[in-house]
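Here is a short report on a structure. Keep the sequence and the 3D view open as you read.

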Protein chains: 2
Amino acid sequence: MWERIVECVPNISEGGDHATIDAAAAAVRSVAEVCLLDVDPDPAHNRTVLTMVGTPDGVERAVLALYEAVLPRIDLRKHQGEHPRMGAVDVVPVIPIRGVRMEECVALSHRLGNEIWSRYEVPIYFYEESTSTPERRDLARIRKGEFEGFPEKLRDPRWQPDVGEAAVHPSAGVTAVGAREFLIAFNVNLATDDLRVAKEIAKAVRGSSGGFRYVKALGLELSDRRMVQVSMNLTNFKKTPISRVVECIRSEAARHGVNVAETEIVGLVPQGALDEVALYYLGLASFSPDMVVERRVQRALAEESGA
Amino acid sequence: MWERIVECVPNISEGGDHATIDAAAAAVRSVAEVCLLDVDPDPAHNRTVLTMVGTPDGVERAVLALYEAVLPRIDLRKHQGEHPRMGAVDVVPVIPIRGVRMEECVALSHRLGNEIWSRYEVPIYFYEESTSTPERRDLARIRKGEFEGFPEKLRDPRWQPDVGEAAVHPSAGVTAVGAREFLIAFNVNLATDDLRVAKEIAKAVRGSSGGFRYVKALGLELSDRRMVQVSMNLTNFKKTPISRVVECIRSEAARHGVNVAETEIVGLVPQGALDEVALYYLGLASFSPDMVVERRVQRALAEESGA
């Protein structure tokens, strides 16, 4: 097990062609110190999300290998799909998982941006933690106008790329690269079929309407199950922990006389987010990962092997 | 990381002599596929607890290496200490941690017992999950009378050893070997200085007086902190989970108008016990260890290395 782990989830603008998707996956797999955990193609979006983890150096090499593999294969001039996009490799998020600070992920994203431009002449925008320009933090604002709109957008002095010249790569467009916290997709299902309850609670907990800063939330119907759902993205579980969000939803649901039926984690969750849940509810006076047998064993083995 | 992990916490009857304790630790460390996680000498008890984890085979070799190292160095005829004891290696508990069923730990304990007798002529008693004799499940009943009482005890047909002849080893006594579940030392501190509250709650939750089957509990005073404590051993967290015990204590404390101030895990806790806490309080509809990034990475790396 590596001491330092970074996650990277590049989105490429191809969701149907198996040869391209396989080439992308093979490129990542070929790199040492990287594990490709998931490949999730979406034909309707015409987009594939690759989830990799690895050492910072491994991830850097793997992203460059991904460009090498897909740039000859994806031509945005012929690309159609439901999801907005501006690049063949559309976005490259870099996420600290273990033993790596956010600043190191920012530095990694900056190295990547420079390398991508110098090797492939794809202009780079830095977003989220990797930019100090407020308008560039939000990926959606960078991507607005999409591939087709970028020749026009690049005439605007406010939208000059962070790395590279103001010239869209003819087939590969531009890429956004950025460091961000791990995003947890977390849903709370309510024991009612009243959609208004889910919508009101979503409004109460999401940052944009007065709730928790790092919560994005929507109220949805689960019509086949006669339940409604508060569907959320928790964009910073360190500052807005799962337990706080769940307890707030329980308390808001109680105002409507509604119970929480169950919750769901969609995809992956960092160990630290689950640790926090256990600590909060037990009220533990102190906690160290070394208290957990399996983690203690792992560390002992790593030290033994001199890693 | 090993796919199959067993924990073993032999207790040896020496708590002060560094040469003996160091020899014991070195013996365990010398064995492949074993990590010695902790050595905890208690001079007042004149007893040392060694905590090791490893593959089943590794642990078997390490326990035999421990006998080889300490038997020439510990003579129970000269041993004094506060803790009851009957053997130079007093007790050898074997605990399933990962990828190992309880029955496999029972089989391992039986192999160990036979090997210890045949190599060192120390008679063996099997306890907890390793015995089918009700009176032998409880270690305290086996140990009753201690080293000095065993010549007498061995005349009783009900107390013949499970392996070996009815003759105490002159300097090393007898050993109890047994498979058991992981024991979690868990304390709940109450925001009151009224010891009666802690004693009543301990009585309510412990199995022996009507509480949860796998809870042992005592009420104690933390006089320096003006709190009282329900001090517990949870002897089977799979059947009596931490969350259920905490919620029961909260509810009993409320009857006395008292709050839970904090809780403590003393020593190690298995990952599964903390997972259960998170699942219970979040009300997750489903959970798999593969949802946790770090564990997913670990498994991917293990598969890659062909482990």
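## A buried loop residue

Asn46(B) counts as buried, with 20 C-beta neighbours inside 10 Å. The cut-offs are these: a residue is buried if 20 or more other C-beta atoms lie within 10 Å of its own, exposed if 12 or fewer, and partly exposed in between, with C-beta atoms placed from the backbone. Asn46(B) sits in the loop between E3 and strand E4 (47-54) of chain B. Helices (H or I, at least four residues) and strands (E, at least two) are DSSP runs, numbered from the N terminus. The phi of Asn46(B) is positive, about 50 degrees, although the residue is not a glycine. Most residues other than glycine have a negative phi.

This is a predicted model: local features need pLDDT of at least 70, side-chain atom pairs count only at pLDDT 80 or more, and totals for chains, interfaces and linings use all residues. Residues are numbered from 1 along each chain as its sequence is written, while chains are lettered from A and ligands numbered from 1 in the order in which they are written.

## An exposed loop residue

Arg226(A) also has a positive phi without being glycine, near 55 degrees. Its place is the loop between strand E9 (215-222) and strand E10 (227-234) of chain A. Is Arg226(A) buried or exposed? Arg226(A) is exposed, with 11 other C-beta atoms within 10 Å.

## Two copies, one axis

The same surface serves both copies: 100% of the contact residues of chain B recur in chain A.

## Where the chains touch

37 residues of chain B are in contact with 37 residues of chain A. Contact means that the C-beta atoms of two residues, placed from the backbone, lie within 7 Å. Which element gives the most to the side of chain B that touches chain A? H10(B) does, with eight residues. That side of chain B divides into 26 nonpolar, four polar and seven charged residues. Here Ala, Val, Leu, Ile, Met, Phe, Trp, Tyr, Cys and Pro count as nonpolar, Asp, Glu, Lys and Arg as charged, and the others, Gly among them, as polar.

The buried residues of H10(B) are Val293(B), Glu294(B), Arg296(B) and Val297(B). Seen down the axis of H10(B), they fall within an arc of 160 degrees, so they line one face of the helix. The arc is that of the directions from the helix axis to the C-beta atoms. These buried residues pack against elements of chain A, including strand E1 (5-8) and helix H9 (271-282).

Helix H7 (residues 195-205) of chain B has its own buried residues, among them Val197(B), Ile201(B) and Val205(B). The buried residues of H7(B) also fall within an arc of 160 degrees, so they line one face of the helix. They pack against strand E8 (184-190), strand E9 (215-222), strand E10 (227-234) and H8 of chain B.
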